[in-house]
Amino acid sequence: MNALTLQWQDSGQNKTQQIYEQQPSKNPGTVRIGRDPLRCDIVLTNPTVSGLHVEIFFNPQQQSFYIRNLRSQNPPLVDGQQLIQGERPLNQGSVIQLGQAKLQVTTVTINTIPATILAPPQPPVARPQPVTPPVRQQPTPPPIHHNHPITPPQGIYGLECPKCHRVSSLENLQVGCPWCGTSLAAAVSVLVAPN
């Protein structure tokens, strides 16, 4: 995150304030400095400082913090030079003088994004596809055609045909009754007891 740190003395106390690129403020996009607490984000009590004196902001095109003069009758000094109008970049070690108040830029942190080298698009690289083993399917049993009654093994469940009431194995549920062809969807499940 892009940030600038200011240090100064106010009423005999050392003060430090960090200013961020997208910092919430009373004037979005800038941090204003002066004596007026209603209009300024950093308030100085020195009577030689104007109510609204300067503002500091981050210029994304220049990747730098700048100071802008807001008071032509009481211009600030930036690194010993008057800033009557316009704006000037701030660097680590810059000294800002507002009236008799002095603020120093102690650190400037700029997150620079490395330049991206654009190259023409390359054709996609063919990657070998993983080989998946074939799915083994269970053989389908041949349809059962009986001309004689099927007696399921003893002691198992069977289906009682709702029409002819003969009991067939559960495997015939999808096929139907082997004797009369009636659907076994409504068949009663019965337990065939051993003899």
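The structure is a predicted model. Its largest nonpolar core has 22 residues, and another core, of six residues, lies apart from it. A search of the whole structure finds zero disulfides.

**Nonpolar cores**

- Within the largest nonpolar core, which has 22 residues, those with the most contacts inside the core are Leu6, Leu44, Ile56 and Ile96.
- The elements that give two or more residues to this core are the strands β1 (3-10), β3 (30-34), β5, β6 (64-69), β10 (95-98) and β11 (101-109), with β5 spanning residues 54-59.
- Ile56, once its neighbours within four places in sequence are left aside, is in contact with Leu6, Ile19, Thr30, Val31, Ile33, Phe65, Tyr66, Ile67, Leu90 and Ile96.

- Cys180 is accordingly in no disulfide, and its nearest cysteine sulfur is that of Cys161.
- The two residues fall into separate accessibility classes, since Cys161 counts as buried at 1% relative accessibility, whereas Cys180 counts as partly exposed at 32%.

**The three-stranded sheet**

- Three strands form an open sheet in the order β13-β12-β14, and their pairing is antiparallel.
- β13 (167-168) and β14 (188-192) stand at the edges of this sheet and have a single partner strand each, so one side of each is left without a neighbour in the sheet.
- Strand β12 (residues 156-160) runs antiparallel to β13 and is joined to it by two bridges; Glu160 has Val167, in β13, as its bridge partner.

**Polar residues in loops**

- Ser50 is found in the loop between β4 (42-43) and β5 (54-59), where it is buried, with a relative accessible area of 8%.
- The side chain of Ser50 makes a polar contact of 3.1 Å with the side chain of Asn74, and Ser50 touches Gly34, Arg35, Arg71 and Asn74 when residues up to four places away in sequence are not counted.
- Gln23 sits in the loop between β2 (13-20) and β3 and is likewise classed as buried, its relative accessible area being 17%.
- Asn111 is found in the loop between β11 and β12 and counts as partly exposed, at 39% relative accessibility.
- Asn111 touches Met1, Asn2 and Gln63, not counting residues up to four places away in sequence; Asn111 and Gln63 are 48 residues apart in sequence, and their C-alpha atoms are 8.6 Å apart in space.

How values were computed: Residues are numbered from 1 along each chain as its sequence is written. This is a predicted model: local features need pLDDT of at least 70, side-chain atom pairs count only at pLDDT 80 or more; totals for chains, interfaces and linings use all residues. Side-chain values use heavy atoms; hydrogens and water are left out. Two strands pair if DSSP finds at least two bridges between them. Helices (H or I, at least four residues) and strands (E, at least two) are DSSP runs, numbered from the N terminus. Buried means under 20% relative accessible area, exposed over 50%, partly exposed in between (1.4 Å probe, protein chains only). A polar contact is a pair of N or O atoms within 3.5 Å; within protein, one must be able to donate a hydrogen and the other to accept it, and residues adjacent in sequence count only if both atoms are side-chain atoms. Contact means heavy atoms within 4.5 Å. A nonpolar core is a set of buried Ala, Val, Leu, Ile, Met, Phe, Trp, Tyr and Cys residues joined through side-chain atoms within 4.5 Å. A disulfide is a pair of cysteine sulfur atoms within 2.5 Å.
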